[in-house]
Amino acid sequence: MPRKPLIGVSSYLEQSVKWRVWDLPATLVPAGYPSLVQASGGTAVLLPPDDPAYAAELVARLDAVVIAGGQDVEPVRYGAEPDPRTGPPARERDAWELALIGAALESGTPLLGICRGMQLLNVALGGTLVQHVDGHGDTPGVFGEHPVKPVPGTRYAGIVPEEDTVPAYHHQAVDRLGEGLRASAHTADGTVEAIELPGPAWVLGVQWHPEMGRDLRVMRALVEAAGHDGSTAGVRGVREALQGAVAGS
């Protein structure tokens, strides 16, 4: 039986989480993320904040990385003063996820950023963010829907060629694109809804939340890039094969 690709999903530390009789700090991510990975043919492993110096070693053990949604990126990361509507910083998470992104880009490990993850990918490559937009997350805690239109000829358009309605909840968005990135989907109001790095490395960010919908295409494409189709061993499998060849020489 082919090995399922190992997909790391970033998660975050909350200081007070209540369940049953407990109210404790907890590392968490909405269940939709690992469920989406599993439904798309991968094995999900959660990546709580850790020492950023460890990120490259960890990514080397994975076949792909997902940077999950969550808090606003601290504006100092892209040289801006905080807008009054920008949420409190999550500095430990910012540092950890930026290190994961850097390690994935350096190693060529397939990378998917979701909502905050897409914004952080843009910031990691020198881009900036719009700190507040209206109409993309009006009711607190309630996901809305809106159509996104792919840009022809992009990786995203190859995955989802038609205009599609997606689940969304955000109030920030990409402003100036980071180095090498291109926009690959927009909403009718011009908001950038997907970004990607052209070239052989599989790097994509989406502003919406595929884990809250039923469309598997984006996550399935990531899993396939990590070796799900069985034609390759995936990034980690290739490394293991090379290490074995060196050890046997």
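The lining of the second largest pocket comprises eight nonpolar, two polar and five charged residues; here Ala, Val, Leu, Ile, Met, Phe, Trp, Tyr, Cys and Pro count as nonpolar, Asp, Glu, Lys and Arg as charged, and the others, Gly among them, as polar. This is a predicted model, in which local features need pLDDT of at least 70 and side-chain atom pairs pLDDT 80 or more, while totals for chains, interfaces and linings use all residues. Residues are numbered from 1 along each chain as its sequence is written, and side-chain values use heavy atoms, with hydrogens and water left out.

The pocket holds about 210 Å³ of space. A pocket is an open set of points on a 1 Å grid over the protein atoms alone, where a 1.4 Å probe fits, with protein on both sides within 12 Å along at least five of seven lines; lining residues have an atom within 4 Å of a point. Of its 15 lining residues, D164, T165, V166, P167 and D215 are the closest to the centre. Strand β9 (164–168) and helix α6 (217–225) each supply at least two lining residues, and β9 gives the most, with four. Helices (H or I, at least four residues) and strands (E, at least two) are DSSP runs, numbered from the N terminus.

I turn now to helix α4. Eight of the nine residues of α4 (residues 116–124) are buried, so the helix is largely enclosed by the rest of the structure. Buried means under 20% relative accessible area, exposed over 50%, and partly exposed in between, with a 1.4 Å probe and protein chains only. Among the buried residues are R116, M118 and L121. Just after α4, G126 takes a positive phi of about 90°.

Finally, W22 lies in strand β3 (residues 22–28). W22 counts as partly exposed because its relative accessibility is 47%.

Conventions
Grid points are joined across faces, edges and corners, and a volume is the space filled by probe spheres set on the points.
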